[in-house]
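Good morning, everyone. Please have a look at the structure on the screen, and then we'll go through it piece by piece.

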Protein chains: 2
Amino acid sequence: MGDYMYYVGVDVGGTSVKLGLFDEVDNIISRVNFKTKTIEYLVDDLVKNIHKLFKNNNLDIKELKGIGIGFPGHVDGETGTVVYSNNLVAHNFPVVKKIQEQINVPIRISNDANVAALGEYTYGKGKDVNNIVFVTLGTGVGGGIIIDGKMLEGKNGAGAEIGHMVISTNGQLCSCGRRGCFETYASASALIRNARVAMCNNPSSKLCKAVKSPEELNGEIFFDVLLKGDKVANVVFENYIEDLAEGLTNLANIFRPDAIILGGGISYRGDVLMEPLQLRLGKMIYGGQWNARVELMISELKNDAGIYGAYAMAKSYLK
Amino acid sequence: MGDYMYYVGVDVGGTSVKLGLFDEVDNIISRVNFKTKTIEYLVDDLVKNIHKLFKNNNLDIKELKGIGIGFPGHVDGETGTVVYSNNLVAHNFPVVKKIQEQINVPIRISNDANVAALGEYTYGKGKDVNNIVFVTLGTGVGGGIIIDGKMLEGKNGAGAEIGHMVISTNGQLCSCGRRGCFETYASASALIRNARVAMCNNPSSKLCKAVKSPEELNGEIFFDVLLKGDKVANVVFENYIEDLAEGLTNLANIFRPDAIILGGGISYRGDVLMEPLQLRLGKMIYGGQWNARVELMISELKNDAGIYGAYAMAKSYLK
């Protein structure tokens, strides 16, 4: 048996499940990924891959001290239950108990955005501050909130649904049933949806000429056209920035965190996004910035925030 | 010297300052109030009234263990400074240090809504739950958020400004400079302002006939007309409920607290307000209420939430 005990951090995504094997002093030793299937397969696939990780690294499974899991959907960390997950077709599934029937170690699970926020807080851009709001801009808008080192999970783990904060009463219809949710304006999907409408209304624009049909438009092409200079792309992007800044300013006023950290593909575009956002936030935040500046940052761990966060959660939440 | 040590809880309001003398087992022994003046006078008036409280109760000031203060405005609890207060004409005023120059005991200060929330959490409707969002409906919309027994104060104490969450982009102009803030729709002032507009547009309504001029309309008269039955008052009130529910649902999705507790005069109207609000919240909250019901409650401590919270803060934050 080695000198250390080990942890496994698991990031369950819509398309793939990522595992990281960590020693207890924050080093990632090894990784493995597998394809996401429905919840019934997940447990066996996870167990199989954890054994594989240990075997490949000449470690005994007895050296496993705990597992942390970030899960897409509504997850109750207290009971270890997936209350609901659209991606994995799960409803009230006792995932922690099911895994422990095969590997009997302490396991902590939480919503994937909460876990990614904890990762970024502990090992990324948040490591020198107390409180952060982590915002992921993807298909939807996800959020994780860390206050004094702890995830704000809410009752039965249902909290931190910042994408479902209405910023425009009677606005865009959201999948949650309300109108005007932040995520209907600020998600990557919203940007592309709006760009497609604009390009169809402006057939002579560079944006329209860049693709054969609107469906072909993606983030890559959109930002390419935007940076080369196109009026139509510019208007779409400015509207996007306005709406994103509106929601971020709300979060700044509600939490007044040390930092708001953005994750997801769009955030990696850098200055084109961050400069106008920080400017607007500084102007609109309650009391101006005379009192307590909220830093806007881009995620440092990027796609690894999930497994690092899952490890951090296993280490700090399991005793 | 008596068996106990004592605490003083102070609630600084726009018009009066309330003091409560507490023993250390949650009993309020005595109270005294004085008129609010600007910050220069506050320190001396406070010190004088604290001495008076002790003298009137045959106690020695040496038995004072700590003071808690709820203050209207932006207050930094860490440094004991009033960063900005419109009501008391204060800017970067080291209030804790100034009081300690005359009474050298531990003192903790925070924003009045945070402190009232802590009071309601510790001794009122929140005493059996973990997390609450406390929302006061008055001239503005104030908020205090308690997570695992701690006030969410934010960086330099600037957090929990829930009234300055935009729910309607490009909506009503707010005093903070943005448009569409929750407080421009959900404050008591907003209700009366909208009622005045509606009554002027409908001279034959009961609402219009109830007063000689729109300026005379107040909450008392409005609810009187509403409960007796008036179409115009009804429409105004339904719009108010819609907007209030929108903001409360946002807070429910962001925090998923055990309870949202309403304070301020309007909330004491009871069922006429609470029934339609709980109905809307149940329908609109993310995921419906299948996962974690958020209870909507009316403050129990009402106007005493401030002094009880100030006492609770002195007791739990000062060591």
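Let's start with one alanine. Leaving aside residues up to four places away in sequence, A:Ala312 touches A:Leu118, A:Thr122 and A:Tyr123. A quick caution before I go on: this is a predicted model. Now, where does A:Ala312 sit? It lies in helix H10 of chain A, which covers residues 305–317. Is A:Ala312 buried or exposed? Its relative accessibility is 6%, so A:Ala312 counts as buried. Now compare sequence with space. A:Ala312 and A:Asp26 are 286 residues apart in sequence. Yet their C-alpha atoms are 8.5 Å apart in space.

Next, a serine. A:Ser110 is found in strand S8 of chain A, residues 107–111. A:Ser110 is buried too, because its relative accessible area is 1% and the cut-off for buried is under 20%. What does A:Ser110 touch? Again we skip residues up to four places away in sequence. The list includes A:Ile69, A:Gly70, A:Phe71 and A:Val75. It also includes A:Val115, A:Met151, A:Glu153 and A:Met313.

On to charges. How many salt bridges are there over all chains? The count comes to 26. Here is one inside chain A. A:Arg31 forms a salt bridge with A:Asp304, and the closest N and O atoms are 2.7 Å apart. A:Arg31 lies in strand S3, residues 28–35 of chain A. A:Asp304 lies in the loop between strand S13 (295–298) and H10 of chain A. So the pair ties together parts that are 273 residues apart in sequence. A:Arg31 itself is partly exposed, with a relative accessible area of 43%.

Now one inside chain B. B:Glu153 forms a salt bridge with B:Arg108. Their closest N and O atoms are 2.8 Å apart. B:Glu153 lies in the loop between S11 and H4 of chain B, and B:Arg108 lies in strand S8, residues 107–111 of chain B. So this pair ties together parts that are 45 residues apart in sequence. Are these two buried or exposed? B:Glu153 is buried, with a relative accessible area of 13%. B:Arg108 counts as buried as well, at 9% relative accessibility.

Salt bridges can also be linked. A:Lys37, A:Asp45 and A:Lys48 are linked in a network of them.

Let's move to the interface. How many residues of chain B are in contact with chain A? There are 40, and they meet 39 residues of chain A. The size of an interface is often given as the accessible area lost when the parts come together. Between chain B and chain A, the buried area is about 3,500 Å². Carbon and sulfur atoms give 55% of that. Three residues supply 20% of the area that chain B buries against chain A: B:Lys155, B:Arg178 and B:Ile254. That is more than any other three residues supply.

What about polar links? Between chain B and chain A, 24 residue pairs are in polar contact. Which elements of chain B give two or more residues to the side that touches chain A? They are strand S6 (81–85), strand S10 (141–147) and helix H8 (231–255). H8(B) gives the largest share, six residues. By type, that side of chain B divides into 19 nonpolar, twelve polar and nine charged residues.

There are four salt bridges between chain B and chain A. One of them pairs B:Asp148 with A:Lys150, with closest N and O atoms 3.1 Å apart. Another brings back B:Arg178. B:Arg178 forms a salt bridge with A:Glu246, with closest N and O atoms 2.9 Å apart. B:Arg178 lies in the loop between strand S11 (150–151) and helix H4 (183–186) of chain B, and A:Glu246 lies in helix H8 (residues 231–255) of chain A, so the pair joins two chains. Both B:Arg178 and A:Glu246 are buried.

Last topic: cysteines. A disulfide is a covalent bond between the sulfur atoms of two cysteines. How many disulfides does the structure hold? Zero, over all chains. Take A:Cys181. The nearest cysteine sulfur, that of A:Cys176, is 3.7 Å away. Why is that no disulfide? Because the two sulfur atoms would have to be within 2.5 Å. A:Cys181 is buried, at a relative accessible area of 0%. A:Cys208 is in no disulfide either; the nearest cysteine sulfur, that of A:Cys200, is 6.3 Å away. A:Cys208 is partly exposed, with a relative accessible area of 21%.

That's my tour. Thank you.

Technical notes: Residues numbered from 1 in each chain as written. Chains lettered and ligands numbered in written order. Predicted model: local features only at pLDDT ≥ 70, side-chain atom pairs only at ≥ 80, totals over all residues. Heavy atoms only, no water. Buried < 20%, exposed > 50% of the residue type's maximum accessible area, 1.4 Å probe, protein only. Contact = heavy atoms within 4.5 Å. Buried area = accessible area lost by both parts, 1.4 Å probe. Salt bridge = Lys/Arg side-chain N within 4 Å of Asp/Glu carboxyl O. Polar contact = N/O pair within 3.5 Å; in protein donor to acceptor, adjacent residues only side chain to side chain. Helix = DSSP H or I, 4+ residues; strand = E, 2+ residues; numbered from the N terminus. Nonpolar A, V, L, I, M, F, W, Y, C, P; charged D, E, K, R; others polar.
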